[in-house]
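Colleague: Can you walk me through reading side-chain packing in a model? I'd like the general idea each time, then the case at hand.

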Amino acid sequence: MSARPNVAAPAMDFTARDLRERLARAAGEALETEYGDHRLNAALVAHMERRALRAAAVLVPVVDRPQGAGIILTTRTASLRTHSGQIALPGGSIDPQDASPEAAALRESQEEIGLDPSYVEPIGRLPRYVTPSGFRIVPVVAIVSPGFTLVPNPAEVDDVFEVPLRFLMSPDNHRAEAREFQGVLRHYFTMPYETRHIWGVTAGILRTLYERLYA
């Protein structure tokens with residue numbers, strides 16, 4: 001009997017259309033399931049859940065590029081009270097006038113980087129993310145149509161840039177690290193990209209996207 005020929009696995013598709021399909025297939029999965037660096041910090045997350053946490057939302061803005069999707073990220077200004085100088089997804093606290101986490105994420109994205117909501121289509125949520133700084137974040141995944149113009153708000157954002165989805169969803173680019181936080185060793189992911197260091201909450205949410213849809 002002749003040996004079966006080797007068949008290469010199909011190449012991973014990193015388009016906005018494929019992301020939409022993956023999220024639709026995962027729609028029935030419980031959003032309470034733990035993903036990302038939460039799985040590495042069970043004690044810390046349990047401690048934070050007992051605290052009074054502020055509700056927040058971030059946009060995971062996936063730009064629909066023909067050559068492959070990209071995710072918009074920002075660099076927060078050094079003068080902000082929380083997560084200053086870090087790379088972040090656009091977003092912030094959910095205000096009483098916000099009808100939903102989606103509404104809050106869209107509003108904050110427009111305020112922070114000038115992203116016109118008419119270019120943005122929310123398509124689903126990721127599991128909530130609890131931060132050591134006292135926030136319970138709802139990540140809102142959205143498809144962004146090309147043609148938009150971004151104008152960073154200098155009071156909040158130093159820089160805005162785009163990272164290929166292919167890079168962020170490759171586990172080879174995810175590094176597990178640890179540091180002490182308030183006397184507790186916290187484990188987290190980092191995703192170094194060119195001269196930028198993506199880590200903390202942002203890397204944790206992106207790792208959640210990978211584990212839930214691409215792993």
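Modeller: Start with contacts, meaning heavy atoms within 4.5 Å. Leaving aside neighbours within four places in sequence, leucine 209 is in contact with Leu19, Val60, Ile71, Leu126, Val141, Leu165, Met169 and Tyr214. This is a predicted model, where local features need pLDDT of at least 70, side-chain atom pairs count only at pLDDT 80 or more, and totals for chains, interfaces and linings use all residues. Numbering runs from 1 along each chain as its sequence is written, and side-chain values use heavy atoms, with hydrogens and water left out.

Colleague: Which residues touch the most other members of the largest nonpolar core?

Modeller: A nonpolar core is a set of buried Ala, Val, Leu, Ile, Met, Phe, Trp, Tyr and Cys residues joined through side-chain atoms within 4.5 Å; buried means under 20% relative accessible area, with a 1.4 Å probe and protein chains only. Here the core has 38 residues, and Ile71, Leu168, Ile198, Ile205 and Leu209 touch the most other members.

Colleague: And how are phenylalanine 14 and tyrosine 214 paired?

Modeller: Rings of Phe, Tyr and Trp (its six-membered ring) pair if their centres lie within 6.5 Å; planes under 30 degrees apart count as stacked, over 60 as edge-to-face, the rest as tilted. The structure holds four such pairs. For phenylalanine 14 and tyrosine 214, the centres are 5.8 Å apart and the planes at 15°, so this pair is stacked. Both residues, phenylalanine 14 and tyrosine 214, are buried. Phenylalanine 167 and tyrosine 193 pair edge-to-face, at 4.9 Å centre to centre with 65° between the planes.

Conventions: Buried means under 20% relative accessible area, exposed over 50%, partly exposed in between (1.4 Å probe, protein chains only).
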